[in-house]
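Please examine the sequence and the model before reading each worked solution.

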Number of protein chains: 2
Amino acid sequence: MGHNQIAVVFFLLFIHVSVSVSSPESILQLLPSDASSLPSYNNIGHRKFISDDFLFCEGWRFTIETNDAGPWNRIPSRCLSFVQDYMTGDRYLSDSEAVADSALAFAKKIEVSDDGKDAWVFDIDETLLSNVPFYQLHGFGSEIFDEQSFNDWVDLAEAPALPASLRFYDELKNLGVKIFLLTGRSEFQRNVTVKNLDYAGYSNWERLFLRGPSDQGTHATVYKSAKRKELEDEGYRILGSSGDQWSDLIGYAIAKRSFKLPNPMYYIA
Amino acid sequence: MGHNQIAVVFFLLFIHVSVSVSSPESILQLLPSDASSLPSYNNIGHRKFISDDFLFCEGWRFTIETNDAGPWNRIPSRCLSFVQDYMTGDRYLSDSEAVADSALAFAKKIEVSDDGKDAWVFDIDETLLSNVPFYQLHGFGSEIFDEQSFNDWVDLAEAPALPASLRFYDELKNLGVKIFLLTGRSEFQRNVTVKNLDYAGYSNWERLFLRGPSDQGTHATVYKSAKRKELEDEGYRILGSSGDQWSDLIGYAIAKRSFKLPNPMYYIA
């Protein structure tokens with residue numbers, strides 16, 4: 001490694017400078033990263049600013065995570081590296097840990113009844129299970145969704161747990177809350193879904209809802225609301241609901257508290 | 001400036017490194033910054049990671065902006081610098097521009113009726129007007145809220161416009177949508193509030209709702225829902241609602257689409 005391969009940077013001490021580096025450490029395999037979406041340092045004279053792409057993509061992420069954006073199709077092309085870095089670096093894991101902490105703080109305050117009717121509803125994809133290994137081979141939401149490829153990935157039954165969700169799930173189970181899984185996956189995927197949940201470390205849920213023939217073609221909000229209504233009609237009190245999509249959380253028969261997990265890769269209506 | 005005041009940092013070229021610096025440029029006066037909350041660079045052996053505080057505070061911000069956190073009192077003490085940097089740097093302005101863009105994209109698709117009944121509801125504080133000049137003298141949400149100090153600030157009528165909101169407000173006005181202002185401020189503050197809105201560049205709203213005697217002590221969600229219901233009962237169609245608090249947006253008589261603006265400084269139930 002010669003001198004010509006070393007960058008020497010002088011920072012005057014009175015300038016507040018901080019450096020961020022996307023972590024190469026991850027539970028998930030990291031693709032070669034294009035650093036262009038990271039906060040980049042520019043110093044023209046004495047003017048310093050965060051890169052336009054980083055600011056733009058942070059703003060875009062704010063609007064999709066709060067549902068300000070409404071329905072959207074694909075991530076902005078200039079945000080591909082940003083989304084890749086977010087999903088494969090520390091931030092996705094850390095943000096989902098913060099959501100788990102919020103949910104757990106709420107759950108621990110519940111006085112769980114001994115009638116066995118306190119319920120929590122979890123979505124599966126990007127909530128209990130992470131499909132990042134699939135999406136990193138398919139452009140992190142920058143490509144048109146290919147159902148056949150995704151179904152092939154589902155058939156492998158090898159999606160890892162989102163660590164924060166597994167931790168929360170186990171704590172919730174210990175509190176005596178009944179757990180219901182409500183996924184947009186279809187009945188024909190029941191066996192591989194159970195196999196994958198088991199592989200990822202999930203156990204002892206009460207019931208797993210998948211889309212049956214009559215649920216095909218309905219919006220997720222409608223399908224999921226109807227299933228929650230079924231639970232309410234059986235006498236369950238839905239204390240909480242966890243999902244990466246707003247369509248997991250809104251509609252009717254909504255939970256007392258809802259917990260939106262991060263997902264800047266795709267939108268489901 | 002001697003050599004001992006210069007920090008020399010060597011970066012190997014093969015390491016993807018990016019540097020972010022909180023911008024000293026702002027519409028708002030920037031306080032001396034404690035850089036500890038910014039992404040900080042650590043390199044222990046070959047391990048690199050974003051600072052724990054930055055990751056923690058980003059995760060916390062995710063939970064409050066999505067309402068996962070539910071009610072909260074004060075910003076975490078370790079996030080004071082983070083919130084300060086967010087609010088006084090480029091990110092707050094940029095995120096609120098993204099929200100304005102989302103709202104405008106929706107508004108432009110509306111076929112505004114000529115019956116004059118298409119309505120939009122705006123909150124005022126941290127939505128149309130920015131109180132950052134006040135909060136930067138009061139710890140950016142790290143101190144207990146002091147109503148007297150805040151009312152003194154309101155009496156000055158010098159809060160600047162949040163630029164993104166002023167731009168959106170004016171575009172909406174041009175589309176022919178009727179604008180309603182719905183604030184948690186009280187009737188005794190009507191004159192200074194109108195004066196401040198005028199000072200900041202806002203004009204031609206249809207009506208300004210402030211809390212009357214019977215609204216005192218009610219939760220914002222209840223008070224604001226009741227006022228929106230009054231509008232609906234008058235035949236208005238509430239197309240959109242803009243606010244920095246979830247209590248501006250949820251409850252009943254909710255708008256067709258809601259637009260959550262960023263506010264990591266305080267929570268109003």
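## Exercise 1: A pair within one helix

Glu230(A) and Lys227(A) share helix H8 (residues 220-233) of chain A, where they stand 3 residues apart, about one turn of the helix. This is a predicted model, in which local features need pLDDT of at least 70, side-chain atom pairs count only at pLDDT 80 or more, and totals for chains, interfaces and linings use all residues. Residues are numbered from 1 along each chain as its sequence is written, chains are lettered from A and ligands numbered from 1 in the order in which they are written, and side-chain values use heavy atoms, with hydrogens and water left out.

Task: Determine how far apart the closest N and O atoms of Glu230(A) and Lys227(A) are, and state whether each residue is buried or partly exposed.

Solution. 
1. Helices are DSSP runs (H or I, at least four residues), numbered from the N terminus.
2. A salt bridge requires a side-chain nitrogen of Lys or Arg within 4 Å of a carboxyl oxygen of Asp or Glu. Glu230(A) and Lys227(A) form one, with their closest N and O atoms 3.4 Å apart.
3. Buried means under 20% relative accessible area, exposed over 50%, and partly exposed in between (1.4 Å probe, protein chains only). Glu230(A) is partly exposed because its relative accessible area is 35%. Lys227(A), at 13%, is therefore buried.

## Exercise 2: Contacts of Glu58(A)

Task: Identify which residue of chain A and which residue of chain B form salt bridges with Glu58(A).

Solution. 
1. Within chain A, the partner is Arg91(A), the closest N and O atoms being 2.6 Å apart. The pair links distant parts of the chain: Glu58(A) belongs to helix H1 (residues 52-65) and Arg91(A) to helix H3 (residues 90-109), 33 residues apart.
2. In chain B, the partner is Arg91(B), at 2.9 Å between the closest N and O atoms. This pair joins two chains, because Glu58(A) lies in helix H1 of chain A and Arg91(B) in helix H3 (residues 90-108) of chain B.
3. Glu58(A) counts as buried because its relative accessibility is 2%. Arg91(A) is buried at 9%, and Arg91(B) is buried with a relative accessible area of 9%.

## Exercise 3: The wider set

Solution.
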